[in-house]
Amino acid sequence: MSTGKQDNRRSASFLKQGSLLAMASLVVRLIGMIYRIPMANILGDGNGIYAVAFDIYDIILIISSYSLPLALSKIISSQNSRREYRNMGKTFRLSLWFAVLSGGVFGTALFVCAGWIETHIYPAYLGLRIPLRVLAPTIFIVALLGVFRGFFQGKNTMVPTAVSQVLEQVVNAIVSVSAAYLFMKWNADSLVRSAWGAAGGTLGTCLGAMTALLLVVFVYYIYRPVQKKNERRDRSRRVYSSAHIYRILFLTILPIILSQTVYQVSGLIDYYLFSDVMGAKGVDARTISALTGIYSSNYRTLTSVPIAISTSIASSMIPSAVAAYTQRDMGQVKYNILSGIKFNMIIAFPCAMGYTVLGQGIVRMLFPSMNYVLGGHLMMAGSAAIIFYAVSNVTGSALQSIDKMRVPVINSAISLVLHVLIVLLLLKFTGLGIYVLIIGNVTFPVVVGILNIISLYRCLPGFRLKPLKTFFVPLSASLWMAIAVIVMYTLTSRLFGMAAGEYATNALAVLVSLAVAVFVYFVVFLKLRGMTRQELYDFPMGRRLYVVARKLRLMK
């Protein structure tokens, strides 16, 4: 059994790689949030079409290739820990062929079936086929991209993934906004003008993915001589057959596909039920599209930022946990899982609390041309989902890393059944409207998280959460932060309310409040001893933060 100090040292790499990927995801989501502001204002009612198109694209992407990076990183990590370099090379090459086949087939199917999807499944979203056909080639590109990212993640380096994600999003942002504006302008007299605007936004996704693919191919080309050299020196006795590798790949991919599909399907079902039930109640198609547009562009865009960070931490945890599990070092496995959960909670709690008390102001600052009142209310009502998604993401990845691949699928399926029942009943028998989607978005990860934790307790003897430092300390620090934010936002609004315009006053109050929030949370969290010096070192710029903490006498 590893000692605590040994666990800390051996987990440093995982946490640093996780921090790197989390920082990249944060940058990516911030860029995404920034470019979605002008694009949301350009699209107007087209935001609903854009949201539905992307959810359909996401579900097909998950089925075809989205699981490849996670699955391949798990397989490569296991082979790398045993120094089976020839098997690693063969697995990588066969995965590329798999990506070509799956990405090509599903991309072609989406292009061909786009019109049928619009006509028979989502008739309320006129012109939906246009952005879907623009997204179709992206499925093939992302399939190839996932193989390269999974290979490097399995080698326990997140740098190619992180850099390619940032570059991808930069290109995506520039092209999406420009193309959305131009497509709307060029089709000003068309009945499907909004759909063309949404297609402009999806074009950025395609070209961004292509840019990222070119980058990782270049990085692999540079690394390829090292891989070939390792393969020549490999003295492992067994080289797996193609059939064996494909079987492992398929058995690894399938549970991840099912788990991710269940999650993504919940969003598609929500849109379908909402449009169907509300349409039956007499709500017109334009209003339905506008409401789902606010829900997707305001609530889901903003909450996706911290959720993406938790997903990155969960993804980066898998190779390290798999390596420890392969070596039967169960102490290290438990430590990695607990560290991943704790790291997620440190981020999730203040984000959720910040959106709760400042959601109205943030939406008003970012989306002034939309119904920011409704958007703000959605943020305040549903921000708790961030915490529950963080728990469900990391616990699901933990179960996958210890070869309990089917368990997260079963747990997600149970949650999906309850989710559909809750959403359908509330839509039919209450007047909550779009708030029903918020309720469903919160309850879904709650059930998944609870079931995943119960499963971890059963599958890992001796595994126990540490509620005080994992949950209660971040919660306590977040509550103090929330009080400071409310006070600062109120004071700033009153002080500058007479001198500046309404929009400028709100924006200034939000920015000042956010700066205060970061400082207060940092101080209170460390005062409550929520983190050790070594854990702080593992954060991005951790040593600099430690210097600041010492100067403030928060740490020794």
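**Exercise 1: A pocket and its lining**

In this predicted model, the second largest pocket holds about 470 Å³ of space. Determine which residues are closest to the centre of this pocket, and which helix gives the most to its lining.

Solution. 

Step 1. The second largest pocket is lined by 19 residues, and those closest to its centre are Lys-74, Ser-78, Ile-248, Thr-252 and Asp-403.

Step 2. At least two residues of the lining come from each of the helices α3 (68-81), α8 (242-280) and α9 (285-326).

Step 3. With six residues, α8 gives the most to the lining of the second largest pocket.

Step 4. By residue type, the lining of this pocket divides into nine nonpolar, six polar and four charged residues.

**Exercise 2: Two helices in contact**

Consider helix α10 (residues 330-366) and helix α11 (residues 372-382). Are α10 and α11 roughly parallel or roughly antiparallel?

Solution. 

Step 1. The axes of α10 and α11 come within 8 Å and cross at roughly 155°.

Step 2. An angle over 145 degrees counts as roughly antiparallel, and therefore α10 is roughly antiparallel to α11.

Step 3. The crossing in which α10 passes α11 is right-handed.

Step 4. On the α10 side, the contact is made by Tyr-355, Thr-356, Gly-359, Gln-360, Val-363 and Arg-364. On the α11 side, the residues are Tyr-372, Val-373, Gly-375, Gly-376, His-377, Met-379 and Met-380.

Step 5. Sorted by type, the residues of the contact of α10 with α11 comprise six nonpolar, six polar and one charged.

Note on methods. Residues numbered from 1 in each chain as written. Predicted model: local features only at pLDDT ≥ 70, side-chain atom pairs only at ≥ 80, totals over all residues. Heavy atoms only, no water. Axes fitted to C-alpha atoms, helices over the stretch in contact; angles between N-to-C directions. Helix = DSSP H or I, 4+ residues; strand = E, 2+ residues; numbered from the N terminus. Parallel < 35°, antiparallel > 145°, perpendicular 65-115°, else oblique. Left-handed = near helix turned anticlockwise from the far one by under 90°. Contact = heavy atoms within 4.5 Å. Nonpolar A, V, L, I, M, F, W, Y, C, P; charged D, E, K, R; others polar. 1 Å grid on protein atoms, 1.4 Å probe; cavity = no way out; pocket = protein on both sides within 12 Å on 5 of 7 lines; lining within 4 Å. Points joined across faces, edges and corners; volume = space filled by probe spheres on them.
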